[in-house]
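Please work through the following exercises with the sequence and the coordinates at hand. Each task is followed by a stepwise solution.

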Amino acid sequence: METAVLLRSSNKLIFNPRHYSPHNFFRLLSSSSISSSSLTPLNPHHASTVPDEVAEKYGFEKVSGEFIGECKSKAVLFKHKKTGAEVMSVSNDDENKVFGIVFRTPPKDSTGIPHILEHSVLCGSRKYPLKEPFVELLKGSLHTFLNAFTYPDRTCYPVASTNTKDFYNLVDVYLDAVFFPKCVEDYQTFQQEGWHFELNDPSEEISYKGVVFNEMKGVYSQPDNILGRAAQQASSPISNCFDFNHFCMQSVDYLDIPSCLSTIIHEYNFALFPDNTYGVDSGGDPKVIPKLTFEQFKEFHGKYYHPSNARIWFYGDDDPAERLRILSEYLDMFDASSAPNESRVEQQKLFSEPVRIIEKYSAGDGGDLKKKHMICLNWLLADKPLDMETELTLGFLDHLMLGTPASPLRKILLESGLGDAIVGGGIEDELLQPQFSIGLKGVFEEDIQKVEELVMSTLKKLKEEGFETEAVEASMNTIEFSLRENNTGSFPRGLSLMLRSISKWIYDMNPFEPLKYEKPLMALKARIAEEGSKAAFSPLIEKFILNNPHCVTVEMQPDPEKASHDEAAEREILEKVKASMTEEDLAELARATQELRLKQETPDPPEALRSVPSLILRDIPKEPIHVGDINGVKVLKHDLFTNDVLYAEIVFNMRSLKQELLPLVPLFCQSLLEMGTKDLTFVQLNQLIGRKTGGISVYPFTSSVRGREDPCSHIVVRGKAMAGRVEDLFNLVNCVLQEVRFTDQQRFKQFVSQSKARMENRLRGSGHGIAAARMDAKLNVAGWISEQMGGVSYLEFLKALEKRVDQDWAGVSSSLEEIRISLLSKNGCLINMTADGKNLTNSEKYVSKFLDLLPSKSSVEAAAWNAQLSPGNEAIVIPTQVNYVGKAANIYDTGYKLHGSAYVISKYISNTWLWDRVRVSGGAYGGFCDFDTHSGVFSFLSYRDPNLLKTLDVYDGSGAFLRELEMDNDTLTKAIIGTIGDVDSYQLADAKGYSSLLRYLLGITEEERQKRREEILSTSLKDFKEFGEVIEAVKDKGVSVVVASPEDVDAANKERSNYFDVKKAL
């Protein structure tokens, strides 16, 4: 499933729904791993191992211990003698401490028990008997990570914090939640999180409700997910079941999270794994979820949530003896169980011949359905786990075939013109047996066989001819750079290591081995040097793919009737249920519905809230940018330790660009990196970037600026390189910007098709982001620009552009060149660099040379950008089983002046009023509000929502909720601390430098930041009540945009006469 992300400017609250895609070993290595020189040397005090007598005292025995050079950590594996629980205790100097407890939880059916249980255990426990301790932690903790995920065969509960007291608070709440949850005795929690019949009045229709039920309806509304699940049922691991137990409100850029969090968790596996647990959906199939009983739910917890079935992980700079003491308090309460034998995952035997499956998916009845087919080939690679060297080599092979736009399998498929975009994620090895998937979507039915033949012929050719030396060098450099850089973005390094270790440990294999990549990496390099890359990779293609009969081919066919048929089938089931009930039964169901809603909407008593541990304000720690000049261009320098890597951003002003060219900007950015020059093909240029640097990216950045009419709008070129390659980095950036030629018509047409496919997928999976962009476009110029480059308007532009490329390529090419001429100028350029002082100084001469090569213009004249979308309420109609509901207004227009308390209040509204009414009571997967402090737009949004008008009514009640609010000092303090945790969020060096750049562009000074921080800390109840008046503007003057099904929009327009203007998008 596609991970939906609402991502706007840097200080805004961000919503990340929770589906997790653990990637293969190579991807974890290449973007989330600890390099041999990434951490400071281990402090001997922290490194001290726990003496045997101390471990014995707490009931543990030491199984083994190693110093892991790759992550400069001392790792010790303990076993709890009474229960057999295993504990990995990893000690180093990383302040971002991580804890995780993982249970093997293989389901036998697709009722979604593991997923529903993962939601439910966080809804109150023995020591913390309130409705949702998790939400209280979200409100009042300094956590750097707080979540839970459901895999196809295991469930993970990780937390992280840089504050030791906070960290141990989180650990205790999670341990109590998994071992002693209230949900196993509380049928209403099962109903709320899983499923229940809802009946408001005996005269009305019965409906299904439940958070997981509606979440999975959203998952099953996306064709890519259906494709994956169909393949899995014939052969493998269920995906899409990461559970981001709640949306997270953070002030970090979600896109910085490393590749181990990705858009789709591979589900090309049901067909691949018909005989084991991976042949069912651990996340839950909406058609099957209502078959789950409360007794089965309780039994599953009792069987699998036991210390004997647990793997426990600690990482960071805290005391390793204290870790064992905390665990002993819980583990000692249990005796050993047989769970490890019952939870063991059986291997899938390989097929003797291939399998083919044809599935239908819901498609809109507009557009050309003939070119909406999808085809994916999926192989189960082995009948048992692979050794680390083979796994690493397969990871390299995956990167060589598919990892970059220049990779041959990816390039040939896209250049064939047979489809719009790649489906299938290449090699996935996070489960017991690895698999490989590849295909295309946006295919004509008559071209299905051609795609299959092209995949096979390309793989045969790669086996016979091998890969270019330059491609192998580029892959090797990319991997080694990532290892050395050790950049996990906002994702804690310790969690990245945990996920890597658990991928073997969970199957009773060595938990240390996945952390030690140096030996297999060196062995692979030596083998390539000695025998050549063909000897390393060709036998793998032949053995695991070409000569492997365990292949499942999944063909997806568009069906404009499927959505209505599915709705009718569900309605028929519910009608039969109602018809089977007596009047007394119906009255009882209506009473139970009201009772559940009352419980959901009744606040926890103060004594229950006080049971959740929290910090006090004095626990919060108290808190340089140098602006220089090179050749008349401003250069921002950030002197930070980066392990010999230089991070650079070159920023160009976009304000001189003609308004009509704005929608072309994203494709201009892609063209710079994926077209060739006079002397280099795009493949050679791509390989050169891979060999010499850590990567280059180009993208637009647009935001409103508080107090200014004109938006901030720039093109940003980001690059990174080792200190010895800085000259290469700036030479390649110059080449990309000035030498790339916009002459390849067919390649550009591919970009358009790929972008169109991505936007259509985003509409189905991230409709809340589409709605937010659309509302912004109705309220300010910056929002309008962003929507032109990434919203419904952009999708409409792409559809027209697809035809224009054939009819007027000369005009399109000329427009791309016009964008370049408008942008590239020394005037208005800005350089941002992050590295240590010595490397910053050494880089100046290369920056100077780069700037000398830029054109100079006397001045940059701003073009007239004054467009906004019409302000009416709008429904974007798509084939879907769930809705995304938004409403927004500009509160600065009411005279409101920004005050730091707004950060506290908006987060509080999300974590209380909206959480309770939209998610818990309403059944949506998520509901939240967002305040863009740059533009003044205050917006409400929901995610995978079964409701529409009801949700808008909840938004309209937010002002009254604040005005009538009463809270004690403990609750207020918790809200303040949670907000400070966002403001002072943990960042790696490159993120600090980049955040500083954005603040510079938006005119946010250090003095203002400190002022806002002080206002946050001094927030009072009076501020909440006053803000209640301010956000009445959203109720009274707000604009509403929804992404929803035609049936729900029709019903809404009947209930409130023509409330929405309707726009059909798919």
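Predicted model: local features only at pLDDT ≥ 70, side-chain atom pairs only at ≥ 80, totals over all residues.

**Exercise 1. Characterise the second largest pocket: its volume, its lining and its place relative to the domains.**

Solution. 
1. The volume of the second largest pocket is about 1,100 Å³.
2. Its lining comprises 34 residues, of which Glu 205, Ser 207, Pro 946, Asn 947 and Asp 1048 are the closest to the centre.
3. Sorted by class, the lining consists of 15 charged, 11 nonpolar and eight polar residues.
4. At least two lining residues come from each of strand E9 (207-209) and the helices H8 (211-219), H20 (562-579), H33 (949-956) and H40 (1046-1055). The largest contribution, five residues, is that of H40.
5. Residues of domain 1 (52-216 + 257-346 + 586-610) and of domain 4 (874-1064) both occur in the lining, so the pocket lies between these two domains.

**Exercise 2. Decide whether helix H8 is largely enclosed or largely open, using a burial cut-off of under 20% relative accessible area.**

Solution. 
1. Apply the cut-off to each residue: Val 211, Val 212, Phe 213, Asn 214, Glu 215, Met 216, Lys 217, Gly 218 and Val 219 are buried.
2. The count is therefore nine of nine, and H8 is largely enclosed by the rest of the structure.
3. H8 also supplies at least two residues to the lining of the second largest pocket.

**Exercise 3. Determine the strand order and the pairing of the five-stranded open sheet.**

Solution. 
1. The order is E12-E16-E13-E15-E14, with mixed pairing.
2. Strand E12 (355-362) and strand E14 (421-428) pair on one side only and are the edge strands.
3. On average, neighbouring strands are turned by 15 degrees against each other, direction ignored.
4. Within this sheet, E13 (residues 373-380) and E16 (residues 551-559) run antiparallel and are joined by six bridges. One of the pairs links Ile 375 to Glu 555 in E16.

**Exercise 4. Which strands pair with E21, in what sense, and how many residues of E21 are buried?**

Solution. 
1. Strand E19 (residues 645-653) pairs with E21 in the antiparallel sense over nine bridges. Here Ala 648 has Gly 719 of E21 as its bridge partner.
2. Strand E20 (residues 695-703) likewise pairs with E21 in the antiparallel sense over nine bridges.
3. As to burial, 10 of the 11 residues of E21 (residues 712-722) are buried, and the strand is mostly covered.

Key: Residues numbered from 1 in each chain as written. Heavy atoms only, no water. 1 Å grid on protein atoms, 1.4 Å probe; cavity = no way out; pocket = protein on both sides within 12 Å on 5 of 7 lines; lining within 4 Å. Points joined across faces, edges and corners; volume = space filled by probe spheres on them. Helix = DSSP H or I, 4+ residues; strand = E, 2+ residues; numbered from the N terminus. Nonpolar A, V, L, I, M, F, W, Y, C, P; charged D, E, K, R; others polar. Domains from an automatic or database assignment. Buried < 20%, exposed > 50% of the residue type's maximum accessible area, 1.4 Å probe, protein only. Pairing = 2+ DSSP bridges. Axes fitted to C-alpha atoms, helices over the stretch in contact; angles between N-to-C directions.
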